[in-house]
Amino acid sequence: MSVSLRIGIIGGGGWLGGAIAGSIIDAGLVDSRDLCLSYRGEQPHRFPNSSWTSDNQALANRSEVIILSVRPGDWHGLTLDAGGKLVISVMAGIRLDALSERHNTGRVVRALPNAAAEVTRSYTPWIGASGVTADDRALVGAIFEACGLQDEVASESDIDYLTGLSGSGPAFPALLAAAMMSDAVAYGLSTEIARRAVNTVLVGAGHLAERRDESPDDTVAAFLDHRGTTAAAIEGMRDAGFDAAVAGGLSAAFKKSVSMGDAS
(Lines give C-alpha, C1' and ligand atoms only; values in the text may rest on other atoms or scores of the structure.)
Protein backbone atom coordinates (compact mmCIF):
# COMPACT_ATOMS: atom_id res chain seq x y z
CA MET A 1 0.00 0.00 0.00
CA SER A 2 1.36 3.42 -0.93
CA VAL A 3 -0.23 6.66 0.19
CA SER A 4 0.52 10.33 -0.31
CA LEU A 5 -1.05 11.39 2.98
CA ARG A 6 0.70 13.74 5.35
CA ILE A 7 1.28 11.87 8.61
CA GLY A 8 2.20 13.46 11.94
CA ILE A 9 3.64 11.65 14.94
CA ILE A 10 3.30 13.39 18.28
CA GLY A 11 6.22 12.08 20.29
CA GLY A 12 8.16 11.22 17.14
CA GLY A 13 11.37 12.01 18.99
CA GLY A 14 10.73 9.12 21.39
CA TRP A 15 11.71 5.48 21.09
CA LEU A 16 8.38 4.06 19.85
CA GLY A 17 7.37 7.09 17.80
CA GLY A 18 10.74 7.07 16.06
CA ALA A 19 10.50 3.32 15.42
CA ILE A 20 7.08 3.74 13.78
CA ALA A 21 8.41 6.64 11.69
CA GLY A 22 11.38 4.63 10.47
CA SER A 23 9.22 1.61 9.66
CA ILE A 24 6.64 3.46 7.58
CA ILE A 25 9.35 5.36 5.69
CA ASP A 26 11.33 2.19 4.97
CA ALA A 27 8.16 0.41 3.82
CA GLY A 28 7.44 3.22 1.37
CA LEU A 29 4.13 3.91 3.08
CA VAL A 30 4.91 7.61 3.43
CA ASP A 31 7.46 9.90 1.83
CA SER A 32 9.75 11.31 4.51
CA ARG A 33 8.93 14.81 3.26
CA ASP A 34 5.26 14.19 4.12
CA LEU A 35 6.10 13.20 7.69
CA CYS A 36 6.01 15.66 10.59
CA LEU A 37 7.26 14.75 14.07
CA SER A 38 7.04 16.58 17.36
CA TYR A 39 9.60 16.51 20.15
CA ARG A 40 10.32 17.83 23.61
CA GLY A 41 13.68 19.24 24.63
CA GLU A 42 16.41 19.10 21.99
CA GLN A 43 15.43 18.36 18.39
CA PRO A 44 16.52 14.87 17.29
CA HIS A 45 18.76 14.48 14.23
CA ARG A 46 16.87 11.56 12.67
CA PHE A 47 14.81 11.81 9.46
CA PRO A 48 16.45 14.97 8.08
CA ASN A 49 13.97 15.23 5.19
CA SER A 50 10.99 15.28 7.55
CA SER A 51 9.59 18.26 9.45
CA TRP A 52 10.22 18.63 13.18
CA THR A 53 8.22 20.85 15.53
CA SER A 54 7.65 21.39 19.22
CA ASP A 55 4.12 22.68 18.48
CA ASN A 56 1.70 19.73 18.56
CA GLN A 57 -1.25 21.73 17.24
CA ALA A 58 0.82 22.93 14.29
CA LEU A 59 1.65 19.29 13.56
CA ALA A 60 -2.04 18.37 13.70
CA ASN A 61 -2.98 21.26 11.41
CA ARG A 62 -0.58 20.17 8.67
CA SER A 63 -1.24 16.42 8.96
CA GLU A 64 -4.10 14.27 7.69
CA VAL A 65 -3.32 11.38 10.04
CA ILE A 66 -2.10 11.95 13.60
CA ILE A 67 -0.32 9.28 15.63
CA LEU A 68 -0.20 9.87 19.40
CA SER A 69 2.97 8.33 20.80
CA VAL A 70 3.37 9.85 24.26
CA ARG A 71 3.28 8.38 27.74
CA PRO A 72 -0.29 8.11 29.09
CA GLY A 73 0.63 10.38 31.99
CA ASP A 74 1.76 13.08 29.56
CA TRP A 75 -1.39 12.75 27.45
CA HIS A 76 -3.50 14.25 30.23
CA GLY A 77 -1.78 17.60 29.64
CA LEU A 78 -2.01 17.40 25.84
CA THR A 79 -4.58 19.72 24.26
CA LEU A 80 -4.98 19.07 20.56
CA ASP A 81 -7.93 19.59 18.22
CA ALA A 82 -7.80 17.02 15.41
CA GLY A 83 -10.83 18.51 13.68
CA GLY A 84 -12.30 15.20 12.54
CA LYS A 85 -9.02 13.73 11.28
CA LEU A 86 -7.87 10.16 11.89
CA VAL A 87 -6.12 9.86 15.25
CA ILE A 88 -4.19 6.69 16.10
CA SER A 89 -3.17 6.28 19.73
CA VAL A 90 -0.36 3.91 20.70
CA MET A 91 -0.77 4.76 24.40
CA ALA A 92 -1.67 2.06 26.90
CA GLY A 93 -4.97 2.36 28.71
CA ILE A 94 -6.53 5.47 27.11
CA ARG A 95 -10.06 4.66 25.91
CA LEU A 96 -11.57 5.40 22.52
CA ASP A 97 -14.29 7.64 23.93
CA ALA A 98 -11.75 9.69 25.88
CA LEU A 99 -9.59 10.10 22.77
CA SER A 100 -12.60 11.12 20.69
CA GLU A 101 -13.78 13.71 23.21
CA ARG A 102 -10.35 15.19 23.91
CA HIS A 103 -9.31 15.48 20.26
CA ASN A 104 -12.61 16.39 18.59
CA THR A 105 -12.88 13.47 16.19
CA GLY A 106 -14.90 10.28 15.84
CA ARG A 107 -12.14 8.67 13.78
CA VAL A 108 -10.00 7.30 16.60
CA VAL A 109 -8.01 4.08 16.86
CA ARG A 110 -6.35 2.40 19.83
CA ALA A 111 -3.27 0.36 18.91
CA LEU A 112 -0.60 -1.33 20.99
CA PRO A 113 2.68 -1.94 19.14
CA ASN A 114 5.78 -2.83 21.10
CA ALA A 115 9.45 -1.91 21.06
CA ALA A 116 10.22 -4.56 18.43
CA ALA A 117 8.74 -2.13 15.89
CA GLU A 118 12.31 -0.83 15.75
CA VAL A 119 13.30 -4.02 13.90
CA THR A 120 9.89 -4.51 12.17
CA ARG A 121 9.02 -7.40 14.49
CA SER A 122 6.25 -5.84 16.57
CA TYR A 123 2.88 -7.45 17.09
CA THR A 124 0.18 -4.76 17.08
CA PRO A 125 -3.44 -5.35 18.10
CA TRP A 126 -5.78 -2.43 17.37
CA ILE A 127 -9.42 -1.40 17.42
CA GLY A 128 -11.25 1.51 15.83
CA ALA A 129 -14.24 3.54 16.96
CA SER A 130 -17.50 3.47 14.99
CA GLY A 131 -16.49 6.61 13.10
CA VAL A 132 -13.45 4.93 11.54
CA THR A 133 -13.97 4.29 7.83
CA ALA A 134 -12.97 1.31 5.69
CA ASP A 135 -10.17 3.40 4.16
CA ASP A 136 -9.01 4.35 7.65
CA ARG A 137 -8.88 0.68 8.64
CA ALA A 138 -6.86 -0.22 5.57
CA LEU A 139 -4.38 2.55 6.39
CA VAL A 140 -4.07 1.53 10.03
CA GLY A 141 -3.43 -2.06 8.97
CA ALA A 142 -0.75 -0.92 6.52
CA ILE A 143 0.99 1.26 9.13
CA PHE A 144 1.30 -1.59 11.61
CA GLU A 145 2.14 -4.20 8.97
CA ALA A 146 5.14 -1.97 8.28
CA CYS A 147 6.10 -2.44 11.95
CA GLY A 148 5.60 -6.23 11.99
CA LEU A 149 2.29 -8.08 12.27
CA GLN A 150 -1.11 -6.64 13.19
CA ASP A 151 -4.67 -7.70 14.01
CA GLU A 152 -7.89 -5.78 14.42
CA VAL A 153 -9.43 -7.16 17.61
CA ALA A 154 -13.04 -7.32 18.78
CA SER A 155 -13.07 -5.15 21.90
CA GLU A 156 -11.15 -2.64 23.99
CA SER A 157 -10.94 -5.30 26.69
CA ASP A 158 -8.85 -7.36 24.24
CA ILE A 159 -6.48 -4.41 23.87
CA ASP A 160 -6.21 -4.10 27.65
CA TYR A 161 -5.28 -7.79 27.95
CA LEU A 162 -2.80 -7.66 25.07
CA THR A 163 -1.19 -4.58 26.62
CA GLY A 164 0.50 -7.03 28.98
CA LEU A 165 0.85 -10.03 26.68
CA SER A 166 2.31 -8.45 23.54
CA GLY A 167 2.66 -4.77 24.39
CA SER A 168 5.49 -5.60 26.76
CA GLY A 169 7.53 -6.73 23.77
CA PRO A 170 11.06 -7.84 24.69
CA ALA A 171 10.53 -7.28 28.43
CA PHE A 172 9.35 -10.81 29.24
CA PRO A 173 12.07 -12.66 27.28
CA ALA A 174 14.56 -10.25 28.89
CA LEU A 175 13.18 -11.13 32.34
CA LEU A 176 13.67 -14.84 31.62
CA ALA A 177 17.14 -14.13 30.24
CA ALA A 178 18.11 -12.10 33.32
CA ALA A 179 17.05 -14.95 35.61
CA MET A 180 18.98 -17.50 33.52
CA MET A 181 22.06 -15.28 33.44
CA SER A 182 21.91 -14.69 37.19
CA ASP A 183 21.80 -18.44 37.80
CA ALA A 184 24.71 -19.04 35.40
CA VAL A 185 26.87 -16.44 37.13
CA ALA A 186 25.94 -17.87 40.54
CA TYR A 187 27.06 -21.27 39.25
CA GLY A 188 30.47 -19.80 38.43
CA LEU A 189 30.40 -18.86 34.74
CA SER A 190 31.90 -15.51 33.76
CA THR A 191 29.44 -12.72 33.11
CA GLU A 192 30.51 -12.48 29.47
CA ILE A 193 30.04 -16.20 28.76
CA ALA A 194 26.71 -16.25 30.62
CA ARG A 195 25.46 -13.22 28.67
CA ARG A 196 26.53 -14.63 25.31
CA ALA A 197 25.02 -18.04 26.02
CA VAL A 198 21.69 -16.66 27.22
CA ASN A 199 21.29 -14.04 24.49
CA THR A 200 22.10 -16.58 21.78
CA VAL A 201 19.51 -19.00 23.16
CA LEU A 202 16.80 -16.33 23.01
CA VAL A 203 17.77 -15.01 19.58
CA GLY A 204 17.91 -18.54 18.15
CA ALA A 205 14.56 -19.42 19.69
CA GLY A 206 13.01 -16.33 18.15
CA HIS A 207 14.30 -17.16 14.68
CA LEU A 208 13.08 -20.75 14.95
CA ALA A 209 9.65 -19.66 16.15
CA GLU A 210 9.37 -17.22 13.24
CA ARG A 211 10.46 -19.81 10.68
CA ARG A 212 8.36 -22.72 11.93
CA ASP A 213 5.30 -20.74 13.07
CA GLU A 214 4.15 -23.66 15.21
CA SER A 215 2.24 -23.75 18.48
CA PRO A 216 4.43 -23.16 21.57
CA ASP A 217 2.57 -26.07 23.19
CA ASP A 218 3.87 -28.36 20.45
CA THR A 219 7.46 -27.21 21.00
CA VAL A 220 7.24 -27.76 24.76
CA ALA A 221 5.59 -31.16 24.27
CA ALA A 222 8.36 -32.27 21.92
CA PHE A 223 11.00 -31.54 24.55
CA LEU A 224 8.96 -33.19 27.29
CA ASP A 225 8.52 -36.31 25.17
CA HIS A 226 12.29 -36.55 24.73
CA ARG A 227 12.68 -36.92 28.52
CA GLY A 228 16.10 -35.30 28.58
CA THR A 229 17.67 -32.40 30.47
CA THR A 230 15.30 -29.85 28.92
CA ALA A 231 12.29 -31.84 30.09
CA ALA A 232 13.78 -31.91 33.59
CA ALA A 233 14.25 -28.12 33.47
CA ILE A 234 10.70 -27.48 32.24
CA GLU A 235 9.19 -29.67 34.94
CA GLY A 236 11.36 -28.05 37.61
CA MET A 237 10.30 -24.56 36.53
CA ARG A 238 6.64 -25.53 36.48
CA ASP A 239 6.89 -27.17 39.89
CA ALA A 240 8.38 -23.91 41.19
CA GLY A 241 5.31 -22.01 39.96
CA PHE A 242 6.44 -20.75 36.55
CA ASP A 243 3.00 -20.94 34.85
CA ALA A 244 1.26 -19.32 37.82
CA ALA A 245 3.85 -16.54 37.95
CA VAL A 246 3.31 -15.73 34.27
CA ALA A 247 -0.49 -15.73 34.70
CA GLY A 248 -0.14 -13.47 37.73
CA GLY A 249 2.02 -11.03 35.80
CA LEU A 250 -0.38 -10.84 32.87
CA SER A 251 -3.30 -10.34 35.26
CA ALA A 252 -1.45 -7.46 36.95
CA ALA A 253 -0.74 -5.84 33.56
CA PHE A 254 -4.40 -6.18 32.52
CA LYS A 255 -5.60 -4.53 35.73
CA LYS A 256 -3.06 -1.72 35.31
CA SER A 257 -4.24 -1.03 31.74
CA VAL A 258 -7.88 -0.90 32.86
CA SER A 259 -7.05 1.43 35.75
CA MET A 260 -5.12 3.77 33.45
CA GLY A 261 -8.21 4.06 31.27
CA ASP A 262 -10.44 4.70 34.25
CA ALA A 263 -8.18 7.59 35.26
CA SER A 264 -8.55 9.26 31.85
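This is a short tour of the structure above, stop by stop, with something to select at each one.

**Stop 1: the whole thing**

Before you click anything, keep in mind that this is a predicted model. The protein has 264 residues, and 38% of them count as buried. Now think about who touches whom: among contacts with a separation of 6 or more, 54% are between residues 24 or more positions apart.

**Stop 2: an aromatic pair**

**Stop 3: a charge over a ring**

Next, select W75 and R102. Look for the charged end of R102: it sits over the ring of W75, 4.1 Å from the ring's centre.

**Stop 4**

Move along to N104, in the loop between α4 (96-103) and β6 (108-111). Check its backbone: phi is near 60 degrees, a positive value in a residue other than glycine. With a relative accessible area of 44%, N104 is partly exposed.

**Stop 4: helices α7 and α8**

Select residues 171-187 for α7 and 191-212 for α8. Their axes come within 9 Å and cross at roughly 145 degrees, and the crossing is right-handed. Want to see what makes the contact? On the α7 side, show P173, A177, M180, M181, A184 and V185; on the α8 side, show T191, A194, R195, V198 and L202. Colour them by class and you get nine nonpolar residues, one polar and one charged.

**Stop 5: helices α9 and α10**

Now try residues 216-226 (α9) and 229-239 (α10). Here the axes come within 7 Å and cross at roughly 115 degrees. From α9, the contact uses V220, F223 and L224; from α10, it uses T230, A231, I234, E235 and R238. Which classes turn up in this contact? Five residues are nonpolar, one is polar and two are charged.

While you're here, select R227, in the loop between α9 and α10. R227 also has phi near 60 degrees, a positive value in a residue other than glycine. Its relative accessible area is 54%, and exposed means over 50%, so R227 counts as exposed.

**Stop 6: a buried serine**

Last one: select S257 in helix α11 (residues 242-263). Its relative accessible area is 1%, so S257 is buried. What is S257 in contact with, leaving aside its neighbours within four places in sequence? Show G93, R95, R110, D160 and T163, and you'll have those contacts on screen.

Methods: Residues are numbered from 1 along each chain as its sequence is written. This is a predicted model: local features need pLDDT of at least 70, side-chain atom pairs count only at pLDDT 80 or more; totals for chains, interfaces and linings use all residues. Side-chain values use heavy atoms; hydrogens and water are left out. Axes are lines fitted to C-alpha atoms, for helices over the stretch in contact, and angles run from 0 to 180 degrees between N-to-C directions. Helices (H or I, at least four residues) and strands (E, at least two) are DSSP runs, numbered from the N terminus. A crossing is left-handed if the near helix is turned anticlockwise from the far one by less than a right angle, and right-handed if clockwise. Contact means heavy atoms within 4.5 Å. Ala, Val, Leu, Ile, Met, Phe, Trp, Tyr, Cys and Pro count as nonpolar, Asp, Glu, Lys and Arg as charged, and the others, Gly among them, as polar. A charge sits over a ring if NZ of Lys or CZ of Arg is within 6 Å of the ring centre and within 35 degrees of the ring normal. Buried means under 20% relative accessible area, exposed over 50%, partly exposed in between (1.4 Å probe, protein chains only).
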